[in-house]
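Subject: Structure handover

Hello,

Here is the structure I promised to pass on. Please open it first, then read my notes below.

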Amino acid sequence: GDSRQLYRDLNIGTAKITWEEMKEAPHHLFDVLDPHEEATVGWYQKEACAVIDTLHAKNVVPIVVGGSMLYISALTDGLTLAPPADPEIRDRLEKEYDEDDGAALHKRLVALDPKVAARIHPNNKPRLVRAVEIFEVSTVDNPKDEMWKAQEESTYDFLILGISKPREESVVIINNRCKAMFESGWVEEVESLMSEGCTKDDPAMKSTGYKEIMEYISSGKKESLTGLQERIAAKTRQYARRQMTWWKRDDRIQWIE
């Protein structure tokens, strides 16, 4: 259930377990995407459900481990996801936006759905374009600016377990893990990915840490490694806080101290 561990060759910075460790139990959906491919919640939902259903047919109970909040929610909450992007429509809407800085496009969104329009500022080009795009490609009655959530039960019977740690302990763990990643050759891993043709525009390289290290390498390594390490650790700590904020709202989780 970790969106970054889907990618091949992103091993150190995703804390991916080794193939040797995977021998202890069958693992699924590791290393299934090329760094140039886009990982989406909709794609993950389809692939993960296929794996789960296959295992259920064998009377096997799968354990989903993660990670990525929305990816887990796609399995536990019966999400109905926004349609995928349409390059032709996206290109046309972006050109339309550029003609008057989004004024006409925002006016159209107001007519389509005032509530959605009220949440999107006309200056926010990506969200405004995406919102109108969803209305154009969608066949559902109530599209939202990012996605919509079906209020329905999950098709699975599940037990959710969460590991709870004091915040100060999590901070130490994150800092130490980030330091260990650098010592294990994280910068060299990114250099190898770049030598194989990966760029900052590739979906995998937008991951926390990979993005910052790529910028560090491209700038001629002007920043100190210590400064880079702390910057990535800080972003990881921020993400961990967002994870806990998300999961604390879910009263189905059985917390383990």
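First, a definition: rings of Phe, Tyr and Trp (its six-membered ring) pair if their centres lie within 6.5 Å; planes under 30 degrees apart count as stacked, over 60 as edge-to-face and the rest as tilted.

This is a predicted model, in which local features need pLDDT of at least 70 and side-chain atom pairs count only at pLDDT 80 or more, while totals for chains, interfaces and linings use all residues. Residues are numbered from 1 along each chain as its sequence is written, and side-chain values use heavy atoms, with hydrogens and water left out.

The whole structure holds 3 aromatic pairs. Phe 182 and Trp 186 make an edge-to-face pair, with 5.5 Å between centres and 65° between planes. Trp 186 also pairs with Tyr 210, again edge-to-face, at 5.6 Å and 75°. Trp 186 lies in helix H9 (residues 186–195) and Tyr 210 in helix H10 (residues 210–218), so this pair ties together parts 24 residues apart in sequence. Helices here are DSSP runs (H or I, at least four residues), numbered from the N terminus.

Buried means under 20% relative accessible area, exposed over 50%, and partly exposed in between (1.4 Å probe, protein chains only).

**H8 against H11**

Two packed helices are described by the angle and the distance between their axes. The axes of H8 (residues 167–183) and H11 (residues 225–248) come within 9 Å and cross at roughly 140°. That makes H8 oblique to H11. Axes are lines fitted to C-alpha atoms, for helices over the stretch in contact, with angles from 0 to 180 degrees between N-to-C directions. Angles under 35 degrees are roughly parallel, over 145 roughly antiparallel, 65 to 115 roughly perpendicular, and the rest oblique.

Phe 182 is one of the H8 residues that meet H11. Contact means heavy atoms within 4.5 Å.

**Two positive phi values**

Most residues other than glycine have a negative phi. Ala 15 has a positive one, about 55°. Ala 15 sits in the segment before helix H1 (19–22) and is partly exposed, at 33% relative accessible area. Lys 221 has a positive phi near 60°. Lys 221 is in the loop between H10 and H11 and is partly exposed, at 41%.

Best wishes
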